[in-house]
Amino acid sequence: MSKPTLIRGPVYVLADNVDTDLLIPAEYLNLVPTIPEEYRKLGSYALAGLPEGFPKFASNADGTTPYPIVIGGRNFGCGSSREHAPIALGAAGAKAVVAQSYARIFFRNAVATGEVFPLESETRLCDAFKTGDEAELDIKASTVTRLSDGKVFTLKPLGAVAPVIEAGGMFAYAREIGMIEGEGNS
């Protein structure tokens, strides 16, 4: 099943060098994302490593986030190779991360898991938005619009990884195109 490629809602803004320890602290890595109740719990701890002063990311009563779009600066997702990082964001209800640049491992894990769209901005959006600003992200058009004033920012196209993420990750995509046998193939 394809993911929506038009995402609208409030943004959660971070800066540069947001590492995987901030995205999901190591103490929660014992949660197994393939077990539904642990997947939900993992989402409730997304961004739990941020310092005091940041609003709680997974602040809805059910442990999900009101922020479908995360905006970051340079080197988003640096640190250890933690597949749990994009999974925690997705489990919390985030749909996309828009950053100035990514650590290679976070980008690769985001594509492989299909949890969040990892989009790169042409400009420094973490200085143009503040947490809570309403935005509309159009993945197909490679734009994000700040709804308060209609300002449109250009993003770099996802290219060949877009269908993989839309399918829900590498395994779902491989099943979808008939590369491997599994659910959905006859």
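What is the volume of the largest pocket? In this predicted model, the answer is about 380 Å³.

A word on ground rules before we walk through the structure. Residues are numbered from 1 along each chain as its sequence is written, and side-chain values use heavy atoms, leaving out hydrogens and water. Because the model is predicted, local features need pLDDT of at least 70 and side-chain atom pairs count only at pLDDT 80 or more, while totals for chains, interfaces and linings use all residues.

## The largest pocket

Rolling a probe the size of a water molecule over the atoms shows where empty space is left. Here a pocket is an open set of points, on a 1 Å grid over the protein atoms alone, where a 1.4 Å probe fits, with protein on both sides within 12 Å along at least five of seven lines. The volume is the space filled by probe spheres set on the points, which are joined across faces, edges and corners.

The lining of the largest pocket holds 17 residues, a lining residue being one with an atom within 4 Å of a point. Nearest the centre lie Ile-87, Ala-112, Thr-113, Gly-168 and Phe-171. Helix H4 (104–113) and helix H6 (170–176) each give at least two residues to this lining, and H6 provides the largest share, with five residues. Helices (H or I, at least four residues) and strands (E, at least two) are DSSP runs, numbered from the N terminus.

## Aromatic pairs

The structure holds nine aromatic pairs. Rings of Phe, Tyr and Trp (its six-membered ring) pair if their centres lie within 6.5 Å; planes under 30 degrees apart count as stacked, over 60 as edge-to-face and the rest as tilted. One of the pairs joins Tyr-12 and Phe-57, which are edge-to-face because their planes stand at 85°, with the ring centres 5.2 Å apart. Tyr-12 sits in strand E1 and Phe-57 in the loop between H2 and E2, so this pair ties together parts that are 45 residues apart in sequence. Tyr-12 is buried at 0% relative accessible area, and Phe-57 is buried at 2%; buried means under 20%, exposed over 50% and partly exposed in between (1.4 Å probe, protein chains only).

Phe-129 and Phe-153 form another pair, with centres 5.5 Å apart and planes at 50°, so this one is tilted. Phe-129 belongs to the loop between E4 and E5 and Phe-153 to strand E7 (residues 151–156), so parts 24 residues apart in sequence are tied together. Elsewhere, ring pairs link Phe-76, Tyr-102, Phe-106 and Phe-107 into a cluster.

## Around Phe-129

Phe-129 is worth a visit in the viewer. Setting aside residues up to four places away in sequence, Phe-129 touches Val-11, Val-13, Ile-71, Ala-135, Val-144, Arg-146 and Phe-153, where a contact means heavy atoms within 4.5 Å. The C-alpha atoms of Phe-129 and Tyr-12 are 8.7 Å apart, although 117 residues separate the two in sequence.

Two charges sit over rings here. The charged end of Arg-146 sits over the ring of Phe-129, 5.7 Å from its centre, and that of Lys-151 over the ring of Phe-153, 5.1 Å from its centre. The test asks for NZ of Lys or CZ of Arg within 6 Å of the ring centre and within 35 degrees of the ring normal.

## Burial at a glance

| Residue | Relative accessibility | Class |
|---|---|---|
| Phe-129 | 5% | buried |
| Asn-17 | 46% | partly exposed |
| Leu-47 | 5% | buried |
| Thr-5 | 17% | buried |
| Ala-162 | 12% | buried |

Asn-17, in the loop between strand E1 (6–13) and helix H1 (20–23), has a positive phi of about 55° although it is not a glycine. Leu-47, also not a glycine, has a positive phi of about 60° and lies in the loop between helix H2 (36–44) and strand E2 (69–71).

Thr-5 lies in the segment before E1. Beyond its neighbours within four places in sequence, Thr-5 contacts Phe-117, Leu-137, Asp-138, Ile-139, Lys-140 and Glu-166. Ala-162 is in helix H5 (residues 162–167), and its C-alpha atom is separated by 10 Å from that of Lys-3, 159 residues apart along the chain.
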